[in-house]
Amino acid sequence: MFESLKRLYHKFGSPKYFYDITGRMLPWLVALSVLLLIPGLIYGLGFAPPEKYQGNSYRVIYIHVPAASIAMSGYMLMAVAGVVVLVWRMKMAEMVAKSVAPIGASFAFICLVTGSIWGKPTWGTWWVWDARLTSMLILLFLYLGVMALNAAIENAQSAARATAVLSIVGAVNLPIIKYSVEWWNTLHQPASIRMTSSAIDPEMLYTLLSCIAGFYCLFAVLVILSTRCEILLREQRSSWVKKLVGV
Amino acid sequence: MNPKRKQRLIIVLGILVAVGLATGLMTFALRENINLFFTPSEIAEGKAPLQRRIRVGGLVVPGSVKRGEDLQVSFDLTDNAQQITVRYAGILPDLFREGQGIIAHGKLISGTLVEADEVLAKHDENYVPPEVQEAIEKAGHPKKES
Amino acid sequence: MTTALLQTVKLFCERDDRVLIRDLDFTLHPGEVMQIEGPNGSGKTTLLRILCGLSDDYEGDIRWQGEARHQVDSRFRSDTLYFGHLTGVKFSLSPRENLRWILQLKGVSPKLAGLDERIDQALKSVGLHSYEDVPVYSLSAGQKRRVALARLFVEPARLWVLDEPFTAIDRKGVEQLEGLIQSHAEMGGSVLITTHHALELSAIRKLQLGLGKGTWRIH
Amino acid sequence: MADPLVSQPVQAEEVPSMWSGMLAVMKRDLLIAFRQRSDMVNPLFFFIMVIALFPLGIGPEPSTLQKIGPGVIWIAALLSTLLSVDSLFRQDFDDGSLELALLSPQPLFVLAFGKVIAHWLVTAIPLILVAPILSIMLFMDGDTVKVTLYSLLLGTPVLSMISAIGAALTVGLRKGGVLVAVIALPLYIPVLIFGTSAVEAASMTLPYAGQLAYLAAFLIMALTFAPFAIGAALRISVTSQ
């Protein structure tokens, strides 16, 4: 078991293998995300029953919640990749971490925008300095810091290592920031975003789950595409890339 | 013991002690009421400061909502033990209704009268915000099942 | 047969997509001086930085006394003296304070008996007698360089890694430094040095780095 | 007496004590700071001036100033830490002493720790000492002044530690200054929240022990773990040039 894990790890550590295997996975992932996302969103935005109190405005949830979740897990993914970069010096992890940052930041941004669109009808204001909104804003800032650092260092490898340190420090701090912000302003109730199964209608729940899964597939597709570009860029002088692009 | 290993041991022990200390401080801090959240009972007992922005949480007493001119509204809040009155000028959230758990931000004017500048309601009927729920439980009443 | 002090196995290094060193195998024994030569841009400084642990942008193995260097890192570092383009000399401190701090960093106890006398003696050896207590910024460029060179007289290290040590040093200083390197080697120390200066030492090997293709030659 | 032209190395300890390594760095940095006093005085002036600007910008009403006082003092402290931290490793990087530190048998985090402590002593202590006077100028009173002092005492070392991570990551870059701010500011938030909240609570004559306990917990965590991050960051910055 351990041996095969190790083998898998080494395989994924090779850019060529990663490029090949993701090339084969990509169509499936695209298909999966289309299959989950299109019906999920159409049904969620158009046909799912309106919520008892909020009417139709709650429908933003089908974008808002997946985006929030992906923004968070994207950061965690980046931090884990950072650990791999620092401990095992794996090149693939450097490229993945670099690709995740802007995509995760975009999802954090989407989450903020949809949150504020949702906030207008529900709370009567576009923006509240509410715990969840604020901590998502800070998450976006953390992403931006990582991206800025990455952009500032010319050498790709040292940029990757420096951002790895920063994203790990950020990940360690994230729970503390989240907690303190939540404590600082407990304005709105967690219920609006956290869905316990008893509190949500199954019809809405399944739609939401489909959207979440679909957005995760989309996230995976985006990360893979961006990583593949990075691989070609970094390995441009290796023989397999030369052969691939036909030089 | 070889000195290199001794150094390493000291570092590890230091980290353990530090983590322990930090956890201790955290648990102490968690027991303090630092977010200025008060229940109607606490306000009735005079624990909350006057003229300071505080948070009050409780359930809106059915039949207590009185609307005045210019969006003036007043209602009572209860934790099933004591009642206080909240005065508010502004648009109440869509989800505000009688029997609902809400959190009001504002100043304690006198005795049990709170002048709120912000009123927030929860979104779901089955859900009581943890602070409100805690306050109700503290006052000796278990959660009401709806 | 003495054990090698420093050894590289198939050392490979590239910088900005240019191969600097390919499959470098060399061994440095106690008592040996190795001069690294090559045109500008051939990677002399890079190689020195890799060898003393200031850069880990390489592939291959580096061994210290037969063991992988990263496993005996702290032992390796206490036995290596690196003298680079930047000297680490603080301008607002006096030469004496500078040396004292560098020695402390190296693990010399500040309470060591006679430490101050030894430092003063080292400063005297590099011609900084009576300059011990003036701030370094008031010294000339050559004198500033000499403050750092005084390390060679007191700092405990078997391996000296010297990157262009003769910069800004006058002719007398150069002769003196050559003598110092010679005597260090005779006492069983080893030296890795880059310089464009023709060294007049009795036993010296040369590592010639080629430009552009990672080629090298030892003679 | 032996020939002065022969190397006569002094004896080093086989495993040097980390404590003395840290003290050596600290002493050296303090000495340098006392010789170049501007490094020490400028952040202090900045702190005082920023706070003095607020009454001018917002208006001199005591009630308003009293209300925003804790936030103002904390944000000024935060900015002045940020301002001073940029030079923390830069000089050492430029003159090569960071390379020497990296090649010393001492672990890098020990040396980094010593540097940050020295930096805190030099830049934050003066600031903490004048904070009570400034808080009186912002019409804060009694306990509030005391708690301002406590909260800064507990909070500023955390700020120093966090910004040192940013400074270490950007030390090799030409445009470090703004980048450090972008990196470090989001991480400051918990300290800012609990610091201001402690002062606010004190101004309402409410218990503030909880907030101070949080700050103390952050302090312990920062002192324990930040040096490792700083050390790793420095290593990356130095080895990658």
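Mentor: In chain B, 44% of the 146 residues count as buried, that is, under 20% relative accessible area, with exposed meaning over 50% and partly exposed in between (1.4 Å probe, protein chains only). This is a predicted model, in which local features need pLDDT of at least 70 and side-chain atom pairs pLDDT 80 or more, while totals for chains, interfaces and linings use all residues; side-chain values use heavy atoms, without hydrogens and water. Residues are numbered from 1 along each chain as its sequence is written, and chains are lettered from A and ligands numbered from 1 in the order in which they are written.

Chain B has three helices and seven strands, taken as DSSP runs numbered from the N terminus (helices H or I, at least four residues; strands E, at least two). Their order from the N terminus is α-β-α-β-β-β-β-β-β-α.

Now the interface of chain D and chain C. Here 40 residues of chain D are in contact with 45 residues of chain C, a contact being heavy atoms within 4.5 Å. The two chains bury about 3800 Å² between them, 58% of it on carbon and sulfur atoms; buried area is the accessible area (1.4 Å probe) lost on being put together, summed over both parts. D:Val10, D:Leu100 and D:Leu103 supply 18% of what chain D buries against chain C, more than any other three residues.

Four salt bridges are counted between chain D and chain C, each a side-chain nitrogen of Lys or Arg within 4 Å of a carboxyl oxygen of Asp or Glu. The side chains of C:Arg49 and D:Glu99 meet in a salt bridge at 2.8 Å, N to O. On chain D's side, the elements that give two or more residues are H1 (18–35), H4 (87–95), H5 (97–103) and H9 (209–239). H1(D) gives the most, with seven residues. By class, that side has 20 nonpolar, 12 polar and eight charged residues, where Ala, Val, Leu, Ile, Met, Phe, Trp, Tyr, Cys and Pro count as nonpolar, Asp, Glu, Lys and Arg as charged, and the others, Gly among them, as polar.

On chain C, helix H3 (residues 95–105) is mostly covered, with eight of its 11 residues buried. Among them are C:Trp101 and C:Leu105. Their cover includes H4, H5 and H6 of chain C, together with H1, H5 and H6 of chain D. Just after H3(C), C:Gly107 takes a positive phi of about 100°.
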